[in-house]
Amino acid sequence: MDLVVGRVAKSHGIRGEVVVDVRTDVPDERFAVGTVLRGRPGRGGDEKNYTVTAARQHAGRLLLSLAEVSDRTAADALRGTLFLIDSADVDSGNDPDEFYDHELEGVAVTTVDGDEVGVVAAVLHLPANDVLAVTTSDGREVLVPFVREIVPTVGVDGIVIDPPDGLLDVGAS
């Protein structure tokens, strides 16, 4: 399974640097000079490898120089490209409160009362807080704020939620 560690937001300057939205907890490792990144174009097309030749922070964002990108036109063409790694290459470690998104996708969700809710389809990272996108057994999508008050128990063998009134009824037919 592929994991996204970054996405090209836009080009920067005239020398081919790209601004990357980082989606990893270890950007210094994932985007180190000499690292080969697997890039999947956001607009479709074939994957291609890119070698990091420089990485720096600028105004709170990561700027990368890539060996295969020498000017602004080439950098502009990368907008939306996802940088990927194989999930087999990462492990969330021994911390019981740390999980990678892919470890939670497909995990069953139940309420504190034992009622089945569905399975996690995705973990969404929004500015206010993370959200679990849960697909219910009847095919609806329920967005559950991923905060301890609502999601008291998280594990790869099951997630328990304590939903506030109405959370699971939104959009129900």
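Which residues does L82 touch, not counting residues up to four places away in sequence? The points below take up this residue, then the cores and the aromatic rings.

1. On the basis of the note: this is a predicted model, in which local features need pLDDT of at least 70 and side-chain atom pairs count only at pLDDT 80 or more, while totals for chains, interfaces and linings use all residues. Residues are numbered from 1 along each chain as its sequence is written, and side-chain values use heavy atoms, with hydrogens and water left out.

2. On L82: leaving aside residues up to four places away in sequence, L82 touches V4, G6, R7, R23, R38, G39 and R40, where contact means heavy atoms within 4.5 Å. L82 is found in strand β6 (helices, H or I, of at least four residues and strands, E, of at least two are DSSP runs, numbered from the N terminus). At 22% relative accessibility L82 counts as partly exposed, since buried means under 20% relative accessible area, exposed over 50%, and partly exposed in between (1.4 Å probe, protein chains only).

3. On the cores: a nonpolar core is a set of buried Ala, Val, Leu, Ile, Met, Phe, Trp, Tyr and Cys residues joined through side-chain atoms within 4.5 Å. The largest one has 17 residues, of which V18, F31, L64, L66 and F83 touch the most other members. Two or more residues of this core come from each of β1 (2-12), β2 (17-22), β4 (48-58), β5 (61-66) and β6 (82-86). A second, separate core holds 15 residues, among them L104, V120, L132 and I150.

4. On the aromatic pairs: rings of Phe, Tyr and Trp (its six-membered ring) pair if their centres lie within 6.5 Å, and planes under 30 degrees apart count as stacked, over 60 as edge-to-face and the rest as tilted. By this rule there are two aromatic pairs. The rings of F31 and F83 have centres 6.4 Å apart and planes at 65°, so this pair is edge-to-face. Because F31 lies in the loop between α1 (27-30) and β3 (36-40) and F83 in strand β6, the pair ties together parts that are 52 residues apart in sequence.

5. F31, Y50 and F83 form one aromatic cluster. F31 is buried at 2% relative accessible area, F83 is buried at 0%, and Y50 is buried as well.
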